Amino acid sequence: MTGPLLDGHLVVDRGGFRLDVRLRVAAGEVVALLGPNGAGKTTALRALAGLHPLDAGHLRLGEVELDRPDTRRFVPPEHRAIGVVFQDYLLFPHLSALDNVAFGPRRQGLDRRAARDRAAGWLDRVGLTGHARHRPRQLSGGQAQRVALARALAVRPTLLLLDEPLAALDARTRLDTRAELHRHLTAHAGAAVLVTHDPLDALALADRLVIIEEGRVVQEGDAATVTARPRTDYVARLVGLNLCRGRADGHLVRLAGGFTVVIADRMDGDAFVVFPPAAVTLHADRPDESPRNTWPAIVAGVQRHGDDIRVQLAGPVAATADVTPATAARLRLLPGQQVWAVLKATDTHAYPAGMP
């Protein structure tokens with residue numbers, strides 16, 4: 001078979017919200033769906049799993065049409081070649097780890113012994129042979145996540161769906177489990193779709209990122225492309241950059257509010273301009289002989305960000321700046337305070353704002 005293993009146009013209407021997303025995933029590929037809360041990520045995953053029928057569009061997995069409203073075709077979830085790892089794992093509390101993993105194969109028609117043999121093999125692959133008889137309450141968060149993954153893979157799915165699979169874990173367990181999950185995803189021959197709000201999970205686990213906002217795909221591509229050229233404020237924040245949009249003429253970009261940013265690149269037409277928060281310096285007074293990218297700003301918020309202080313700025317250029325605690329103390333930064341912001345043209349990067 002040529003073409004994508006998963007081919008979908010997911011259209012779902014839920015009250016005043018409409019999901020309209022085209023999604024294609026190749027065999028062996030892991031695609032991460034990212035977006036702010038309410039963007040439609042979970043709705044998309046539920047539609048893929050068959051937990052929410054499509055209102056329009058289509059969904060095909062391999063040669064099998066799973067959902068096509070215009071022909072009244074709909075395959076129930078239990079008959080789809082899909083494995084799901086839910087955010088809260090949803091292990092059966094009254095079953096052992098072994099029987100949790102064996103549940104899917106049993107539903108597929110294997111006898112009890114064969115299903116348990118397959119389950120034992122998967123528990124061994126995820127390093128939990130010694131916990132086969134344990135029930136979910138006797139497992140740690142990381143162990144429960146691995147049982148949930150083994151249960152999803154034991155049905156030999158053509159499509160593997162993962163809904164925030166690491167969200168319930170503490171930071172140390174998350175780091176170790178992410179590496180383990182990456183190993184199993186790399187070995188999975190089918191397609192995989194990961195829903196997450198965490199950019200680290202997406203960058204570490206996925207081959208391609210699909211960004212959804214308000215039910216629509218706003219950007220997609222490999223990690224290097226998306227992180228280098230964000231196209232919405234959400235994506236820019238996700239990758240830790242400031243983003244402005246305006247009309248470029250040579251080395252000048254005029255923003256919507258009228259402020260002109262001097263850029264290092266030469267551009268013409270609609271353009272995005274990005275720069276890191278660390279490139280913005282703050283001053284109590286307008287610096288003498290400062291670069292042309294100098295503007296008065298109002299401190300809109302101050303918060304700790306790693307070893308630095310992140311300052312939200314309102315004004316002709318809405319941006320964030322990262323300053324040292326010593327600088328924050330010297331400037332006595334508080335919400336509502338006026339400061340002067342400075343950005344060197346050499347710290348900017350510009351690219352066309354049209355279709356990517």
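## Salt-bridge network and charged pairs

Asp7, Arg24, Arg60, Glu65, Arg68 and Asp70 are joined in one network of salt bridges, a salt bridge being a side-chain nitrogen of Lys or Arg within 4 Å of a carboxyl oxygen of Asp or Glu. The model is predicted: local features require pLDDT of at least 70 and side-chain atom pairs count only at pLDDT 80 or more, whereas totals for chains, interfaces and linings use all residues. Residues are numbered from 1 along each chain as its sequence is written, and side-chain values use heavy atoms, with hydrogens and water left out. Arg68 is partly exposed at 26% relative accessibility; buried means under 20% relative accessible area, exposed over 50%, and partly exposed in between, with a 1.4 Å probe and protein chains only.

By this rule the count of salt bridges comes to 15. In one of them, Arg116 meets Asp99 with closest N and O atoms 2.9 Å apart. This pair links distant parts of the chain, with Arg116 in helix 3 (residues 112–125) and Asp99 in helix 2 (residues 97–107), 17 residues apart. Helices (H or I, at least four residues) and strands (E, at least two) are DSSP runs numbered from the N terminus. Arg116 has a relative accessible area of 27% and is partly exposed. Another salt bridge connects the side chains of Arg183 and Glu180, at 2.7 Å from N to O. Arg183 and Glu180 are about one helical turn apart, because three residues separate them in helix 5 (residues 171–187). Arg183 is also partly exposed, at 45% relative accessibility.

Five strands form an open sheet in the order 2-1-4-5-6, with antiparallel pairing; two strands pair if DSSP finds at least two bridges between them. Strand 2 (17–25) and strand 6 (73–74) stand at the edges with a single partner strand each, so one side of each has no neighbour in the sheet. Helix 1 (residues 41–49) packs on this sheet and touches strand 1, strand 2 and strand 4, where contact means heavy atoms within 4.5 Å. The direction of helix 1 makes about 120° with that of strand 1. Axes are lines fitted to C-alpha atoms, for helices over the stretch in contact, and angles run from 0 to 180 degrees between N-to-C directions.

Strand 1 (residues 6–14) runs antiparallel to strand 4 (residues 56–61), and six bridges join them. Val11 has Ala56 of strand 4 as its bridge partner, and His9 stands opposite His58 in that strand. On pairing with strand 2, strand 1 forms nine bridges in the antiparallel sense, among them that of Arg14 with Phe17. The hairpin of strand 1 and strand 2 has two residues between the strands, and Gly15 there takes a positive phi near 65°. Seven of the nine residues of strand 1 are buried, so this strand is largely enclosed by the rest of the structure.

Strand 3 (residues 30–34) and strand 9 (residues 191–195) are parallel, paired over four bridges. Val31 has Val193 in strand 9 as its bridge partner.

## The largest pocket

The largest pocket has a volume of about 690 Å³. A pocket is an open set of points on a 1 Å grid over the protein atoms alone, where a 1.4 Å probe fits, with protein on both sides within 12 Å along at least five of seven lines. Grid points are joined across faces, edges and corners, and the volume is the space filled by probe spheres set on the points.

Its lining comprises 22 residues, of which Pro77, Glu78, Ile82, Phe103 and Val155 lie nearest the centre; lining residues have an atom within 4 Å of a point. Strand 7, helix 2 and helix 4 (141–154) each supply at least two residues of this lining.

## An exposed loop residue

Glu289 lies in the loop between strand 14 (280–283) and strand 15 (294–305). With a relative accessible area of 83%, Glu289 is exposed. Its C-alpha atom is separated by 26 Å from that of Leu334, 45 residues apart along the chain.
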